[in-house]
Number of protein chains: 2
Amino acid sequence: VNEPRTTAREPALDRTAAVADAVRDAHELGDFERVVELIGAALALDDLGAVTAGLAALRPPDRVDVFETFDIEEQRHLLRELADPVAADLLEELEDPFAGMIAAGLSPEVLAPILDEMETDEAADVLLDLPQGQQGAVLQAMDDTAEAEVRQLMAYPDDSAGGRMTRDFIAIRASDTVEDAIEHLRALDPDDGLVYYLYVQDAHDHLVGIISLRQLIVAAPGSRIGDLMTSDVLSVKVDDDQELAGQTMQRYDLRALPVIDLEDHLVGVITHDDLVDVLSEEATEDMYRLVGLDEQERPLDPVSTAVRKRLPWLALNLVMQLALVAALTGFRSTIDRVVALAVLFPLITAQGGNVGAQAMTIVVRLLALGEFDRAEVRQLLGKEMLVGLINGLAVGLLAGLIAIVVAGPQQAQVIGLAMVAAMTLNLTIGGLIGGGVPLLLHRIGFDPAVASSVFVTTLTDTLGVLLFLSIYLGLASWMGM
Amino acid sequence: VNEPRTTAREPALDRTAAVADAVRDAHELGDFERVVELIGAALALDDLGAVTAGLAALRPPDRVDVFETFDIEEQRHLLRELADPVAADLLEELEDPFAGMIAAGLSPEVLAPILDEMETDEAADVLLDLPQGQQGAVLQAMDDTAEAEVRQLMAYPDDSAGGRMTRDFIAIRASDTVEDAIEHLRALDPDDGLVYYLYVQDAHDHLVGIISLRQLIVAAPGSRIGDLMTSDVLSVKVDDDQELAGQTMQRYDLRALPVIDLEDHLVGVITHDDLVDVLSEEATEDMYRLVGLDEQERPLDPVSTAVRKRLPWLALNLVMQLALVAALTGFRSTIDRVVALAVLFPLITAQGGNVGAQAMTIVVRLLALGEFDRAEVRQLLGKEMLVGLINGLAVGLLAGLIAIVVAGPQQAQVIGLAMVAAMTLNLTIGGLIGGGVPLLLHRIGFDPAVASSVFVTTLTDTLGVLLFLSIYLGLASWMGM
């Protein structure tokens, strides 16, 4: 517990309350800068009572926004001085790498009791971000039960159901009465997570049913849980992908999803806030991959990290483009003879890339939402090709007119026709490639989003220009030019 | 209620139970085709008892998957014959346009009592998809309370908090005791939505607090709700955007978010399943817009719809590319003289488009997650430009080598240097354009995702090629070539 220090001007407790009030007022007015200023001033005076009171006047996510404005040594200083549950709340709310970075500067004696107070899944995430040596020391300093639970969670991959679940769930027995269950709830810390379901286990800790608080509250106190519970319970395995857990919760509209181990023991629960995080993460991941970004990249990563992650991809893309450069080199004498062809390349490549990226985005999103139906695959691909064909013909006619103007009187007919034909073919095939490549990747067990517009665009670019040049040459020789 | 019809072979009730058992078994084995076959066979025999029992053996989303395999007349036939609550469950689970399409073929006398049983927000969605004339007739045939509530919801835009909320929430008074509240809960239909919070109103229906079931269940029966409730409650206004509601629920980890009208009356609640839907919809919308797709497009829309929605966009893109074609036409004599330049264009355009799309995706996603911080804008743009500069130099050196090979001995030096310089500059500017355009759109109140790779790519394509050609000409004349 933190005793506020007195200053010459006013009694400490009054001042603490005044800071809290001022912070609350500024926050209600949406004046974030003033909130930061007030708490920062208290921190500068090392008036921890006022800092704590100011932070407590904010909702947890807002509290963390203020906390993040301090430098890392101030943050560590605060965590050392604050009561453990308050420090635990702060670390829980911080984004993944930051909590670990800050925690790495705290001694095991300071950090362990804070981790004891955290949700087990959040504590595991912080520990995983610590250097190996420190990890062991902190785990040993933790409370035995918490240590055991956290160690178990740390063993699961980050993107598995086991890595995402919390061990903080409320389990009861089928033989309990409603009164027993309510007594059990009363005995627990009311802040101990948000509860929606209680989980019913048999004597061997197998999950046999769930009961909602709604059911419990309206039931007669003497009734047996076993008679009231729902025994048809959906669950996932610890080693299932978190995306499957997310899709299951979304599809069946679940507030919480139990996670079982290989022997059907209940080992954890994935909760509503995890579902929301999974959905956001998976959407970000797909959007990033579609443009060739690493899904681990953060918007404000250091420049060196961003360069290291993106450069290999750009280089690979460049190497792939060599196919097109080589092909064009082969057609060099044709381009040399008819420069208008080169001037028109961008029309072909830009449109093909677009159509491919559109078909790909539709397929990737469909697969991500789990709304994928094998019977619909052929229908979808057929549709995308047909859309490409019709749009290709329409855009091709427009591009053909442009080509006629660019080509000049002598070549107008041949280049115009070649443009219409190449555009139509390229957009048809663009629909097929854009839709087909991610479907194929999915079928063979890869993430469909790694198809990414980079690859699809390279393919349609090369194909489109080659089609344009070949059709031109074919037409020209047929027409005896 | 549906009486199963008897057949010659076996008593109807046995058969009904047998179908349900068979469906349950097939479903547990994951054999969806067999489930469809069993229920389809019962439907073909017009054995509605067995159809209902088979459907009832499935979870609601699976039930709808089976229902969707029937043709629309069979679907309407089923809805007419099923008990209203069962029919209501089916219509609730169907995706938006389909529920309306099916409902459009039902008479007001059949449809109204089904809508009465549905969640008010879902009923409003179905009604909004009906033709105007039918809408009025169905509303008049509905139960008066439901009609009033649904009419109110129908007045709000689809993507506003009002259009997304449900009117099915449980309200109590601050003067009630815990016992009163529990009595009130008992009196309600236990299937009536999933409840997490009760909402506390004053005598004028203003929202004054919330109380969770968890708080209620552990409280003494005689305590007053006003003494237990949390009075610091977050809410949104009916006309706020659904995205704001989603971000608020996600940020503060809320299970449900109350919606108030302009006079602070509680008028509805946005629930957990709505949050999940909003997040998915907004992610799909951003992904679609980034490649120039209309967010209303569905993967299996008819070809004509897809063509109509995509063609104007492709045509616009083609017209924008005219800038590049015109610029290239201006450089025609240069290209005529040095064909190697044209062969190398694709290297420039492909890389610039990539880098722009990456910066844009990062910014669009950051804005969508509401993690946008004004102070970070300059930092982010500076970072993207610097990343573009370093990557541009690295990729440029590689591309310069390719250029030297393609150019041949005479032009090697000039073209190689021009390539390095143009690539470096273009990727630096690509980072600025990709990051800056969506930020600018956001600042002036547009959806940042409409920046879309299509526009950014056109800009970087044109700029990159112009840079390459200008730098080449400058170098060549400086070196006296």
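Between chain B and chain A there are 10 salt bridges, a salt bridge being a side-chain nitrogen of Lys or Arg within 4 Å of a carboxyl oxygen of Asp or Glu. The model is predicted, so that local features need pLDDT of at least 70 and side-chain atom pairs count only at pLDDT 80 or more, while totals for chains, interfaces and linings use all residues. Residues are numbered from 1 along each chain as its sequence is written, chains are lettered from A and ligands numbered from 1 in the order in which they are written, and side-chain values use heavy atoms, with hydrogens and water left out.

**Interface between chain B and chain A**

- One of the salt bridges joins the side chains of B:Asp65 and A:Arg251, at 2.6 Å from N to O.
- On the side of chain B that touches chain A, α20(B) gives the largest share, 17 residues, where helices are DSSP runs of H or I with at least four residues, numbered from the N terminus.
- In contact (heavy atoms within 4.5 Å) are 107 residues of chain B and 108 residues of chain A.
- The buried area between the two chains is about 10,100 Å², with carbon and sulfur atoms giving 65% of it; this is the accessible area (1.4 Å probe) that two parts lose on being put together, summed over both.
- Of the area that chain B buries against chain A, 8% is supplied by B:Arg214, B:Ile217 and B:Met287, more than by any other three residues.

**Relation of the two copies**

- The same surface serves both copies, since 100% of the contact residues of chain B recur in chain A.

**Helix α9 of chain A**

- Seven of the nine residues of helix α9 (residues 120–128) of chain A are buried, which means under 20% relative accessible area, with over 50% called exposed and anything in between partly exposed (1.4 Å probe, protein chains only).
- Among the buried residues of α9(A) are A:Thr120, A:Asp121 and A:Leu127, and what covers the buried residues includes α7 (96–103), α8 (108–117) and α17 (272–290) of chain A.

**B:Thr349**

- B:Thr349 lies in helix α20 (residues 339–368) of chain B and is buried, with a relative accessible area of 14%.
- Leaving aside residues up to four places away in sequence, B:Thr349 touches B:Asp461 and B:Val465.

Conventions: Helix = DSSP H or I, 4+ residues; strand = E, 2+ residues; numbered from the N terminus.
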